[in-house]
Amino acid sequence: MDVPGRCHRVEAPWKKLSKEELEKQYSPSRWVTRRGAEEALRTYSQIGDEATKRAQATRRCLLDVPYGDGEGEKLDIYFPEQASEALPFCVFIHGGYWQSGSKDTSAFMVNPLTAQGVAVAIVGYDLAPKGTLDQMVDQVTRSVVCIQKQYPCNEGIYLCGHSAGSHLAAMMLLANWTEHRVTPNIKGFFLVSGIYDLEPIVFTSQNIPLRMTLEDAQRNSPQRLLEAALTRPVDPACRVLVVVGQHDSPEFSQQSREFHQTLCRGGWDASFEELHDVDHFEIIWKLTQKDYVLTKMILRTVLREPDSAGPPPACT
């Protein structure tokens, strides 16, 4: 592919891929192993819908809480049974390539986490083509500010994103909180099967509704921004777990590995985990299960419990 190069970086391997192979690498449903692409997407949506209905029926919740004036600027908050102003919050940002998905079908982790005393907030944001990447990043930033302002005594805010949502969560590593006159009490990130360098997406069909230019991609790529700035964490105790599925595509896996290494070079308390025998969709829908390995990782981090199995690979 004839795409612009970068003088300051070794040429990325994806630039040597054919257009067809690049499209395949960034089409997660084409890498599922236990079901066809359509069935995988259908199952993902069904489990998310059922989990959300179950959470709303069994948990105390506040739905469609506005964090801004826009129609899509709302979040749902689910609470543990024991009421407290000093709760840890796990903030989930759904995936869908910035063009599909909804907070209304994304409460995968709600029941297992609230059962252990963790509040969960699910963020809604404007999808493409209505929303641009710049707008989505700003919306997620303001949703975090909203939670901090409404619950100033929280015991920590932990951001969890999946796929495109992982990109949006990662952009919070670079947020300028002084513009919002509040510094959220962010204690951790769970970045699941994410995309951190958006340039390859410009050359795939996923970009048709996004209408992302090369400049847009570079401005919104946490991989590039952290490489350039090597931004130091405000709180050295803030942990970042970068996770990918064994059956994610090689490009998704490479993006996660490279982002983990960039975080390490920047001084972040970062670790990397490849989850065994899960694909891009199973890795997140299994959060409905209390005994799922990622559910346990999240709870151990949020509740600050020791890991009897030892920590995942950290910075070297």
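Predicted model: local features only at pLDDT ≥ 70, side-chain atom pairs only at ≥ 80, totals over all residues.
Biologist: What classes of residue make up the lining of the largest pocket?

Modeller: A pocket is an open set of points on a 1 Å grid where a 1.4 Å probe fits, with protein on both sides within 12 Å along at least five of seven lines, and lining residues have an atom within 4 Å of a point. Here the lining of the largest pocket holds 6 nonpolar and 16 polar residues, and no charged residues. Its volume, the space filled by probe spheres set on the points, is about 420 Å³. Among the 22 lining residues, L41, Y44, G96, S100 and F281 are the closest to the centre of this pocket. Helix α2, residues 37-58, gives the largest share of the lining, with 4 residues.

Biologist: In what order do the strands of the open sheet stand?

Modeller: Strands are DSSP runs of E with at least two residues, helices runs of H or I with at least four, and two strands pair if DSSP finds at least two bridges between them. In this model, the open sheet has 8 strands in the order β1-β2-β4-β3-β5-β6-β7-β8, and its pairing is mixed. Because β1 (60-66) and β8 (269-275) stand at the edges, each with a single partner strand, one side of each is left without a neighbour in the sheet.

Biologist: Which strands pair in the parallel sense with β6?

Modeller: Strand β5 (residues 157-162) pairs with β6 in the parallel sense over 6 bridges, and I157 stands opposite I186 in β6. Strand β7 (residues 239-245) also runs parallel to β6, over 5 bridges, and there F189 has V240 in β7 as its bridge partner. By contrast, β2 (residues 74-79) and β4 (residues 119-123) run antiparallel and are joined by 4 bridges, with I77 opposite A121 in β4.

Biologist: Is K130 buried or exposed?

Modeller: Buried means under 20% relative accessible area and exposed over 50%, partly exposed lying in between (1.4 Å probe, protein chains only). K130 has a relative accessible area of 54%, so K130 is exposed, and its place is in the loop between β4 and α4 (133-150). In strand β6 (residues 186-192), however, 6 of the 7 residues are buried.

Key: Residues numbered from 1 in each chain as written. Heavy atoms only, no water. Nonpolar A, V, L, I, M, F, W, Y, C, P; charged D, E, K, R; others polar.
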